[in-house]
Number of protein chains: 2
Amino acid sequence: MKKYLNILGKCPLFFGIGQDELLRMLVCLGAKAEFYDKKYTVFAEGSRAKYIGIVLSGSVQITQVDFYGNRSILSVIGAGQVFAEAFACAEVEEMPVSVVANEPSEIMIIECAHVLHTCENRCAFHRQLIFNLMKDLATKTITFHKKIDITSKRTTREKLMAYLMHEAKRAGGNSFDIPFDRQELADYLEVERSGLSAEISKLQKEGVLESRKKHFTLL
Amino acid sequence: MKKYLNILGKCPLFFGIGQDELLRMLVCLGAKAEFYDKKYTVFAEGSRAKYIGIVLSGSVQITQVDFYGNRSILSVIGAGQVFAEAFACAEVEEMPVSVVANEPSEIMIIECAHVLHTCENRCAFHRQLIFNLMKDLATKTITFHKKIDITSKRTTREKLMAYLMHEAKRAGGNSFDIPFDRQELADYLEVERSGLSAEISKLQKEGVLESRKKHFTLL
DNA sequence: GAAAATATGTTGAATTTTCAACAAAATGAG
DNA sequence: CTCATTTTGTTGAAAATTCAACATATTTTC
């Protein structure tokens, strides 16, 4: 587990917990690390929601597929971030979403019950862990506010621009990479891929932005 | 505060806490109750996010208004439910949404810091309170999954039907009331009011549903 | 490096939504 | 009860999206 200490130190779940303490804690929590190739499913829709996931390297997508086969991407979780914690904490029976590796990724899996209920060894920092989990859950809610802010726009152009503004703000500049290819961006914005491509072309001709694959620059 | 004990007993935030203990706790938390008339603002977008709200009677809407004045309704919070907890727990500077009374409502307001940090009197059930708050936050995240599941549909008809299915499931039957008038339902589904009215008419003519104001029956 | 597979861009037709304007119905005030 | 206000339903035109089909890049595989 030692090789993961660096990335875990950046994980909001372990904020304020020292490396030595963290190592002991991981044992106590029964943490396991697993490797997933691109497009492999980490948690499947419908499976029991008992585990919290942490991305050690790479990234995963949280996706939903409706009755007609339309995919909707709810969010992308990058290295150091936590996923599936809401379902585990809310104690829902089945996962309402799937978690799929976005690229070759290492994933740490922890049984949620181990986090919520203090173990017999009474880890000193358990209280901190629970506090961190709470802040993480609150932050997740706000992530969804962002997505709703974007997808509540009525046109493809408005959705795209709202999304790019958010990304620019996050990147701290007008030039940045997005974690989506065109189809995925369409599935995140809840629009048609072809219409999205057309809109990107139009915005480039208008001189509003430049885009080459996953790299965008707002002008 | 005694008159609120009944409804507070149903609030997920106070699950597992007895009435006597709850009364003491409310003092300790500095809880205040306030009355709001319909359409009055409980928390305004842009204000400091320090407080957790609990609906004692009536209901409130969580709304967002974009640059062009389009309102989007994120959720409706009914009696016994908690709101604004995510922003307070995530320690965001400004509220990204407004909270508006949906009808004449009594609201309890608690400073979030009082919940997160154990008070000097060391309330015995503080641990339970924090645990409850965590589960509440997790449940909120899932509420947003539901909304995204609905609004990710591409047509007004599909959005409406997805919404009504959810409501029927919640009501445990095919006949139920919704907490929205037509304009509000449109703002929740992220569609045009006129288009929504037309779609409801069409579905009635097709014999798929019956609707009179806020009451719907799926056939 | 060539072939195959995947991703992206382009287009026109069909569908759907939005917008604006107005009619009808329901609600509220006095 | 009546008038004023608000809500809901209806409609047609304009705008936008979806869909399907194909052209063009780009990436992957052998």
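**Notes on the DNA contacts and the chain interface**

1. There are 14 residues around DNA strand D, and those that come nearest are Thr156(A), Glu192(A), Lys213(A), Ser197(B) and Ser201(B). The model is a predicted one, and every distance below should be read as a property of that prediction.

2. Sugar or phosphate accounts for 68% of the atoms of DNA strand D within 4 Å of the protein, and bases for the rest. By residue class, the surface near DNA strand D consists of 7 polar, 6 charged and 1 nonpolar.

3. Individual polar pairs can be listed for both protein chains. In chain A, a polar backbone atom of Thr156(A) is placed 2.3 Å from a phosphate oxygen of DNA strand D. From chain B, a polar side-chain atom of Arg154(B) is 3.4 Å from a phosphate oxygen of DNA strand D. The elements that give two or more residues to this surface are helix H7 (182-189) and helix H8 (193-205) of chain B. H8(B) has the largest share, with 4 residues.

4. How are chains A and B related? Chain B is superposed on chain A by a rotation of 180° with 0.0 Å of shift along the axis, at an RMSD of 0.0 Å. This is the relation of a two-fold axis. Of the interface residues of chain B, 100% are also interface residues in chain A, so the copies meet through the same surface.

5. In the interface, 38 residues of chain A are in contact with 38 residues of chain B. About 3500 Å² is buried between the two chains, and carbon and sulfur atoms give 67% of this area. Met134(B), His145(B) and Ile148(B) supply 19% of what chain B buries against chain A, more than any other three residues.

6. The count of salt bridges between chain B and chain A is 4. One of them joins the side chains of Lys135(A) and Glu91(B), at 3.5 Å from N to O.

7. On the side of chain B that touches chain A, strand S5 (71-78), helix H3 (85-89) and helix H5 (126-151) of chain B are the elements that give two or more residues. H5(B) provides the largest share, 16 residues. The residues on this side divide into 19 nonpolar, 11 charged and 8 polar.

Methods
Residues are numbered from 1 along each chain as its sequence is written. Chains are lettered from A and ligands numbered from 1 in the order in which they are written. This is a predicted model: local features need pLDDT of at least 70, side-chain atom pairs count only at pLDDT 80 or more; totals for chains, interfaces and linings use all residues. Side-chain values use heavy atoms; hydrogens and water are left out. Copies are superposed by least squares on the C-alpha atoms of residues with pLDDT of at least 70 in both. Contact means heavy atoms within 4.5 Å. A residue is near a molecule or strand if one of its heavy atoms lies within 4 Å of it. A polar contact is a pair of N or O atoms within 3.5 Å; within protein, one must be able to donate a hydrogen and the other to accept it, and residues adjacent in sequence count only if both atoms are side-chain atoms. Ala, Val, Leu, Ile, Met, Phe, Trp, Tyr, Cys and Pro count as nonpolar, Asp, Glu, Lys and Arg as charged, and the others, Gly among them, as polar. Buried area is the accessible area (1.4 Å probe) that two parts lose on being put together, summed over both.
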